[in-house]
Amino acid sequence: MTSSPASPGYDLLVVGAGVVGLAHAAAAAERGLRVLVIERDSHAVGASVRNFGHACVTAQDGELLDLARVARERWLSLSSAAGFWSTSSGGLAVARSAAELAVLEELAATRADGGVRLVSAGEVRERIGGGLDSLTVGGAVLEEDVRVDPRTAVAGLAAWLEQQPLVDIRWRTAYLGPTDDGGARTSRGVVAAARTIVCAGHDLDYLFPEAAEEAEVKRCGLQMALVEAPTVGSSSARIAPAVLTGTSMLRYPAFSTTAASVSLRAELERTRPDLIGIDANVMLTQRPDGSLLIGDSHVTLATMPPFLDESASMVLLESAAALLGAERLVVRQRWQGIYASSPRAPYLVADVAPGVTAVSVTSGVGMTISHGLAVKVVDQLMASAV
Ligand SMILES: Cc1cc2nc3c(=O)[nH]c(=O)nc-3n(C[C@H](O)[C@H](O)[C@H](O)COP(=O)(O)OP(=O)(O)OC[C@H]3O[C@@H](n4cnc5c(N)ncnc54)[C@H](O)[C@@H]3O)c2cc1C
């Protein structure tokens, strides 16, 4: 797959204008490839705009940490080039029991290069905007985490890519499958492209059911809410970092692989069966307008029911309110987000037809790793084509 300006068609067709598709388009165009992105909707409305906008770098480990570190730098440079909002404010894991603090201490001890800085309850209070749960015993600053605003970052990246000479985006154009001669059938006719990368997120099974089934890809549904920031004193709370809690420590690998996480799970199963019952990851991020994104619960199924369970929302909102020391939170919006999920691996890269590669992030880290994964996939495809 090398760029040849005189030949007809595109070097690369990317299906899907979520973060995974746009990350591949950006990486490919940087390497001189002519890229066409097709997206079935008039703008992205999938997982990439429904999330926390949190590149949760520090709490990854192994290859995911390497991919996340590449992605971190790319988020910051793309945000600066394209003009969408980002912040390298880091993350903050709040400990509200000795078991939670033990997880943070163990992780900090293994990160010789820093990146995890233990802080007092007082510093947690400062970073969380003044309010605080009386149970808080300390926390850890996760230095490498960055944030974008999910509702503007993907749209901003798409708008910037459309201005790049090597990239076209066709909206309201659905991919239907490959043609026999290496092109693609779309809802607006056939596209000629040397290679195709399908980044259809959790809808991979609609296009390539065997590949989805082989990797046991299902849909993970999450409940979210947008709330007004609580008032502290006479002004609204300003919360720079992404805020994680004990349930987050059972989820992200750098926490969940500590020995201390075993005791933490037993503690939360005993003390917070309501949170464990909805597979919660109680966390929040603040958007540039001050509103807070709060979530989330997890249910994994082949097909996601459209109905939101109010009791799950209440558990999440009450937990977030307690964390912030607020009596209650004023909800502006609720929604369901869905991402691809596989018990096999956190992401899938599979050759699904001649010249067609499917890429799906199959865990809740698409905002964290996509820009790193895209560089890896595009470089591998280019190397294999030489
Ligand atoms: C509530 C929630 C919270 C999350 N929080 C975080 C977080 O804090 N940090 C993090 O790292 N990750 C988080 N994630 C995960 C992250 O959002 C996803 O991993 C990521 O957005 C997946 O990106 P995607 O591009 O694959 O999917 P999507 O954003 O869903 O994009 C796929 C696109 O493909 C298009 N498409 C599908 N089929 C076709 C077709 N046939 N033709 C044309 N277009 C097609 C769709 O219309 C869609 O726009 C969260 C996810 C959710 C749901």
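Helices (H or I, at least four residues) and strands (E, at least two) are DSSP runs, numbered from the N terminus. This is a predicted model, in which local features need pLDDT of at least 70 and side-chain atom pairs count only at pLDDT 80 or more, while totals for chains, interfaces and linings use all residues. Residues are numbered from 1 along each chain as its sequence is written, and side-chain values use heavy atoms, with hydrogens and water left out.

A residue is called buried when its relative accessible area is under 20%, exposed when it is over 50%, and partly exposed in between, with a 1.4 Å probe and protein chains only. With a relative accessible area of 11%, Arg74 is buried. Its side chain is joined to that of Glu30 by a polar contact of 3.0 Å; a polar contact is a pair of N or O atoms within 3.5 Å, where within protein one must be able to donate a hydrogen and the other to accept it, and residues adjacent in sequence count only if both atoms are side-chain atoms. If contact is taken as heavy atoms within 4.5 Å, and neighbours within four places in sequence are left aside, Arg74 is in contact with Ala26, Ala27, Glu30, His371 and Val375.

Helix α1 is mostly covered, since eleven of its twelve residues are buried, among them Val19, Leu22 and His24. Just after α1, Gly32 takes a positive phi of about 90°.

Which residues have the most contacts inside the largest nonpolar core? A nonpolar core is a set of buried Ala, Val, Leu, Ile, Met, Phe, Trp, Tyr and Cys residues joined through side-chain atoms within 4.5 Å. The largest one has 50 residues, and those with the most contacts inside it are Leu22, Val35, Trp75, Leu161, Ile369 and Leu373. A second, separate core of 28 residues includes Phe52, Ala99, Phe255 and Trp335. In soluble globular proteins, nonpolar side chains tend to be buried together.

Leu161 belongs to the buried residues of helix α6, which also include Pro150, Ala153 and Trp160. Helix α6 (residues 150-163) has 14 residues and reaches 21 Å from its first C-alpha to its last, close to the 20 Å expected at 1.5 Å a residue.

Trp75, for its part, counts as buried because its relative accessibility is 2%. Apart from neighbours within four places in sequence, its contacts include Val19, Phe84, Ala153 and His371.

The aromatic rings can be followed next. Rings of Phe, Tyr and Trp (its six-membered ring) pair if their centres lie within 6.5 Å, and planes under 30 degrees apart count as stacked, over 60 as edge-to-face and the rest as tilted. A search of the whole structure finds two aromatic pairs. Trp75 and Phe84 form an edge-to-face pair, 5.9 Å centre to centre with 90° between the planes, and Phe84 is buried at 6% relative accessibility. In the pair of Tyr175 and Phe208, the ring centres are 6.5 Å apart and the planes stand at 40°, so this pair is tilted. Tyr175 lies in strand β10 (residues 175-178) and Phe208 in the loop between α7 (204-207) and α8 (209-214), so the pair ties together parts that are 33 residues apart in sequence. Tyr175 counts as buried at 6% relative accessibility, and Phe208 does at 9%.

A charge sits over a ring if NZ of Lys or CZ of Arg is within 6 Å of the ring centre and within 35 degrees of the ring normal. Arg151 lies over the face of Trp335, at 4.9 Å from the ring centre.

Thr58 is placed in the loop between β3 (54-55) and α3, and at 0% relative accessibility it counts as buried. Gly364 is found in the loop between β23 (356-361) and α14 (366-385), and at 43% relative accessibility Gly364 counts as partly exposed.

How values were computed. The expected span of a helix is 1.5 Å times one less than its number of residues.
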